[in-house]
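Here are my notes on this entry, as numbered points. Please read them with the coordinates open.

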Amino acid sequence: MPGGKERELRRRISSVQSTKKITRAMELIAATRVVKAMQRADAARPYSRQITSVIENLAAGGAETNHPLLRQADEVKKVGFIVMAGDRGLAGAYNTNPIRAAERQLQGHRTEGKDYALFCVGKKAAAYFAFRNYRVDYDYQGFTDNPSYEDARRIADDVAAAFINGEIDEVELIYTEFISMGTQRVSVRRFLPLEDTAVMAESGGGDAEAAASFEFEPSPDSVLEALLPRYIEARLFGALLDCAASEHANRQRAMKSATDNAEELITKLSRQMNAARQAAITTEIMEIVGGAEALDEGGDGAQAVDLEGMFAQIGAAPESATASDPTNEG
Amino acid sequence: MLNVQVVSPESVSYTGKASMVVARTVEGGDIAFQPGHIPFIGILQVWSVVIVKEDGSRDSFAVHRGFVQVSDTDITILSDVSEAKDEIDVVRAERALAEAAQALSADAGDADAAYDKARAEVRIRVAAGE
């Protein structure tokens, strides 16, 4: 039946339209969140810069320590992976990229005969690895779009504890680095053991005026020892903030293209619907004309009466209209 | 004149100029910094940091787990948590103090409770304007 196709298309258009409304709203929300996340990442930068600067000064002051976080294992038997992805989907390739990178790293280490431990941040990472029968030792969820320092500390505590008690000998951090609104890159870095303090200071880009000879209280070594756990917390927190900004930026992009696609689909479906409607109208006219012609083959006088009777049968409305007619005429 | 910065992991919570900063380090008791102090790095106790401004007015912060770095005229306080007077919820701090005291009376060796107690105490101190 000709009207059916049109109705079907109309239904599809309205469903695409409501999808578009949703993706559009998500795009706008992500756009405001990405700005906030960027501001938070900026606000957190002075702290890690200052920590690096203190470490730099400590290195210059000749601080030495056998802090367990610096322990270089003679033989690496088990590697920890901190994988940072999001809790929610609909963010383009944001979740899959770091997860794939982590899986590649993990497989690489496996072929060398090393065991692994997974620290999954975000629901998607944990779900991916659990589904593929990896052992997820630690997972953290519920804060990826707006991480607090407490969250970073919780992760750092677990990672440091596992490293210090010798359960794992090395830790790699896989996260999405936020470079700009348009560019985010998956970064795979060695997280533990920490490099030598001198290397740390150099790579951290702290204030480069380590020449002054500092006085330390209680002692350079104990300051360094107290500082190292803070340092790894700050680094993890920085990574979490980068991830949050990347997630929102990716979601904004994904939702923008979804909105654009929806718009395109609506245009296409509207055209189809218009064509279907035209076809239906044409068919109807053809049917009426065809019907009239068929009747025409009968007698001329009888035809007029028959047509009137036909209309009267089709709808009740014309009938009631004719009923009121005589009063007008009278 | 000192340039003072109080930096927490989430943000820079205070920047300003001061004539003196008083803090308490883990072993050495109270230490005051004035312009021209020798470069210094120290671990801070859970205690208040008092910033004395030029006009003699004071700002104080409750600082938990922090470090102080002094170089030239720059003083940086790095801490996990630093709270100004008006950010402190005294009622909550008092409740925390009572809870911690109770935990300590049950087990005197409870390090967490001792830490909570110290934190609550410094919060109440700072809120009272000391």
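1. Start with helix 4 of chain A, residues 149–164. Helix 4 lies across strand 1, strand 2, strand 3, strand 4 and strand 5 of chain A. Against strand 2 of chain A, helix 4 runs at about 170 degrees. Keep in mind throughout that this is a predicted model.

2. Five strands of chain A form an open sheet in the order 3-2-1-4-5, with mixed pairing. Strand 3 (136–140) and strand 5 (184–192) of chain A stand at the edges. Each has a single partner strand, so one side of each is left without a neighbour in the sheet. From one strand to the next, the twist averages 20 degrees.

3. Two parallel pairings in this sheet can be checked residue by residue. Strand 1 (residues 78–84) and strand 4 (residues 170–178) of chain A run parallel and are joined by five bridges. A:F81 stands opposite A:E172 in strand 4 of chain A. Strand 2 and strand 3 of chain A also run parallel, joined by four bridges. There, A:C120 has A:D139 in strand 3 of chain A as its bridge partner.

4. Helix 3 lies across strand 1, strand 2 (115–121) and strand 3 of chain A. The angle to strand 2 of chain A is about 145 degrees. Strand 2, helix 3 and strand 3 of chain A make a right-handed β-α-β unit.

5. How far apart are the end C-alpha atoms of helix 6 of chain A? They are 112 Å apart. Helix 6 covers residues 220–296, which is 77 residues. At 1.5 Å a residue, helix 6 should span 114 Å, which agrees. There is a kink, though: about 30 degrees at A:L227, shortly before the proline A:P229.

6. Now the interface. In chain B, 21 residues are in contact with 21 residues of chain A. Strand 5 (40–44), strand 7 (58–71) and strand 8 (74–84) of chain B each give two or more residues to the side that touches chain A. The largest share, four residues, comes from strand 5 of chain B. By class, this side of chain B has 11 nonpolar, eight polar and two charged residues.

7. A:E215 stands opposite B:F40 in strand 5 of chain B. Strands of a sheet pair through backbone hydrogen bonds, either parallel or antiparallel.

How values were computed:
Residues numbered from 1 in each chain as written. Chains lettered and ligands numbered in written order. Predicted model: local features only at pLDDT ≥ 70, side-chain atom pairs only at ≥ 80, totals over all residues. Contact = placed C-beta atoms within 7 Å. Nonpolar A, V, L, I, M, F, W, Y, C, P; charged D, E, K, R; others polar. Pairing = 2+ DSSP bridges. Expected span 1.5 Å × (residues − 1). Bend = angle between axes of the 7 residues up to and from the residue. Axes fitted to C-alpha atoms, helices over the stretch in contact; angles between N-to-C directions. Right-handed = clockwise from strand over helix to strand, strands pointing away.
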